[in-house]
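Please look over the sequence and the model below before reading on.

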Amino acid sequence: MQVYFLLLLLIYIEFLGFSKTGVSISQTEEPLSFLSQQAGVGLLGELVGLGALFSFFACILGSINPATRVAFLMGRHGLFHGSFGNAHAANRTPHVAVTMCFLLTFIIPAVMSFFHIKLFDCIGYLGSVCSYGFLTVYILISVTAPVYLYKIRKLRPIDVMFSVLAVGFMMI
């Protein structure tokens, strides 16, 4: 609960800072950097930007790891090219899957940047695609789980009910 009040206080301070500038907070891509420039401590804004950069790096690494594991297994099962399922001879790591996931993670935003799409817009577009991707996967799992249970003769009415509820909540 204390974290909630601290966050609320920080949001209030940020909005208060913007009220004196005549600039809308929704029109600023880097609000903390803008406020630090207004307060005359521009270095602080650069430090916040650097922290955000490290945060994005951590998020990307956190996304590449599971994507690599999925690509590796899909390569092993023949759903991707077989080289995705190969492990490095000495290190025993899925080096091809790691490389391909990294390249995909780099190329898509790089192409968007090449076409002069703003960074903030790129994050919004790619975040939306990711959200819809997750929802699609969750819906497909909710639909196929009862089918699987039916095939192994363990389907119960409550399983169908939870599946329908899950799909309904994800469609909201």
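Where is Arg92 found? Arg92 lies in the loop between H3 and H4. This is a predicted model, and in it the phi angle of Arg92 is near 60°, a positive value in a residue other than glycine. Arg92 has a relative accessible area of 61%, so the residue counts as exposed, the limit being over 50%. With a relative accessible area of 73%, His116 is exposed.

The largest nonpolar core has 6 residues in all: Ile64, Ala71, Phe72, Phe84, Ala97 and Cys101. Two elements give two or more residues to this core, namely helix H3 (42-76) and helix H4 (95-114). H3 supplies the largest share, 3 residues. In soluble globular proteins, nonpolar side chains tend to be buried together. Leaving aside neighbours within four places in sequence, Ala71 is in contact with Phe80, Phe84, Ala97 and Cys101.

A nonpolar surface patch of about 860 Å² is formed by Leu32, Val41, Leu43, Leu44, Leu47, Val48, Leu50, Leu53 and Phe54. H3 gives the most to this patch, with 7 residues. Leu32, another member of the patch, is placed in helix H2, residues 31-39. Leu32 has a relative accessible area of 44% and is therefore partly exposed, as the value falls between 20% and 50%.

The aromatic side chains come next. Over the whole structure, a search finds 6 aromatic pairs. One of them joins Phe102 and Phe106, whose ring centres are 6.4 Å apart and whose planes are at 15°; the pair is stacked because planes under 30 degrees apart count as such. Both residues are in helix H4, and since they are 4 residues apart there, about one helical turn separates them. Phe102 counts as partly exposed, at 45% relative accessibility.

How many salt bridges does a search of the whole structure find? The search finds 1. In this salt bridge the side chains of Arg156 and Asp159 meet, with a distance of 3.1 Å from N to O. Side chains of opposite charge can pair when their charged atoms come close. Is Asp159 buried or exposed? Asp159 is buried, because its relative accessible area of 16% is under the limit of 20%.

The last stop is helix H6, residues 157-171, where Phe169 is found. Phe169 counts as exposed, at 61% relative accessibility. Phe169 and Ile139 are 30 residues apart in sequence, and their C-alpha atoms are 9.7 Å apart in space.

Conventions. Residues are numbered from 1 along each chain as its sequence is written. This is a predicted model: local features need pLDDT of at least 70, side-chain atom pairs count only at pLDDT 80 or more; totals for chains, interfaces and linings use all residues. Side-chain values use heavy atoms; hydrogens and water are left out. A salt bridge is a side-chain nitrogen of Lys or Arg within 4 Å of a carboxyl oxygen of Asp or Glu. Buried means under 20% relative accessible area, exposed over 50%, partly exposed in between (1.4 Å probe, protein chains only). A nonpolar core is a set of buried Ala, Val, Leu, Ile, Met, Phe, Trp, Tyr and Cys residues joined through side-chain atoms within 4.5 Å. Contact means heavy atoms within 4.5 Å. Rings of Phe, Tyr and Trp (its six-membered ring) pair if their centres lie within 6.5 Å; planes under 30 degrees apart count as stacked, over 60 as edge-to-face and the rest as tilted. Patches are made of residues with over 30% relative accessible area and no salt bridge: like charges are joined within 9 Å, nonpolar side chains (Val, Leu, Ile, Met, Phe, Trp, Tyr) within 5 Å. Accessible areas come from the Shrake-Rupley method with a 1.4 Å probe; for residues, only the protein chains shown count as cover.
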